Amino acid sequence: MPMPMPISLSTGPGVIAYGCRYITPPLRRLLTYTLLHKQHQHHSHRASQFSILYSFRLPPNLNRLLTGNCPFFRMERYWAGSSINKNKAMVENLQRYGVIASKKVAEVMDTIDRALFVPDGNPPYVDSPMPIGYNATISAPHMHATCLQLLEENLQPGMHALDVGSGTGYLTACFALMVGPQGRVVGVEHIPELVTESIKNIDKSAAAPLLKEGSLSIHVGDGRQGWPEFAPYDAIHVGAAAPEIPKPLIDQLKPGGRMVIPVGNIFQDLKVVDKDQDGSISVRTETSVRYVPLTSREAQLQG
């Protein structure tokens, strides 16, 4: 099968994508936000067939002035359309483009079929976030791969992992396969309907035995408070952007542990938080991203 061509979103409509990496200088990001902000507030959180993108148009002259031949709001997205229709092909593409370098991450993503976790009517293998209802999304495959690789050393057999904003359960299931039956994986999601749906999804997947045995569990709760019952955690993943890193999550991170969390409001960065053995914290930026906000259930449902 010929290798699909990578795409970028060209000049014309600008976009904000949720659960994706993007590249754009701060000035352009500021101008983009300023031009769109009022219009953006009136959009509902719905998706087209292939993307969960909010769209807007810039005056053509301004767009050329600011961007030349570059996208105004360049989002990293490695393929689109429905040419990829198998989970294995999705993983192979992520490997071809260099997103997946780890054999273990490739094996896990190959084993957990993303189609089980994407609502019907959305193409599951397109490299784009997809709506899952309740003003929430499942992140793009390249973001899942990125987070799994960043956390791989902290998802060894027997370790404990926390997935905040577990959504439809995809990444939680991947974590469970990595830590195995001797480990412990906890998903926390504040939308009860998504918790129910995620349990059904996982029960159809390769992680079903771990769910039945109890080493994997999904709970209704405010993920900003973590889940103290099974703390401390070797790995913590947060699937929504916090204005700042929640202290309870830092407290529940094990010495030697790592947390991956998007941080920011208008501008967001994926932060890698490491806790040293002496309890000291170091934080670095991995990449710029755009995620839905980490907020209360009420605020999320209001959109």
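Helices here are DSSP runs of H or I of at least four residues, numbered from the N terminus. I'm working on a predicted model, where local features need pLDDT of at least 70, side-chain atom pairs count only at pLDDT 80 or more, and totals for chains, interfaces and linings use all residues. Residues are numbered from 1 along each chain as its sequence is written, and side-chain values use heavy atoms, with hydrogens and water left out.

**End of α3.** I looked at what follows α3 and found Gly98, with a positive phi near 80°.

**Inside of α3.** In α3 (residues 87-96) they are Asn87, Ala89, Met90, Val91, Asn93 and Leu94. They pack against α4, α5 (141-151) and α6.

**α4 on α6.** Then I checked how α4 (residues 103-111) meets α6 (residues 170-179): the angle is about 125° and the axes are 10 Å apart. I took axes as lines fitted to C-alpha atoms over the stretch in contact, with angles from 0 to 180 degrees between N-to-C directions. The crossing of α4 and α6 is right-handed, meaning the near helix is turned clockwise from the far one by less than a right angle.
I listed the contact (heavy atoms within 4.5 Å): α4 gives Lys104, Val105, Val108, Met109 and Thr111, and α6 gives Tyr170, Cys174, Leu177 and Met178.

**Cysteines.** Cys174 is buried at 0% relative accessibility, and Cys147 is buried at 1%. I searched for disulfides (cysteine sulfur atoms within 2.5 Å) and got zero.

Technical notes
Helix = DSSP H or I, 4+ residues; strand = E, 2+ residues; numbered from the N terminus. Buried < 20%, exposed > 50% of the residue type's maximum accessible area, 1.4 Å probe, protein only.
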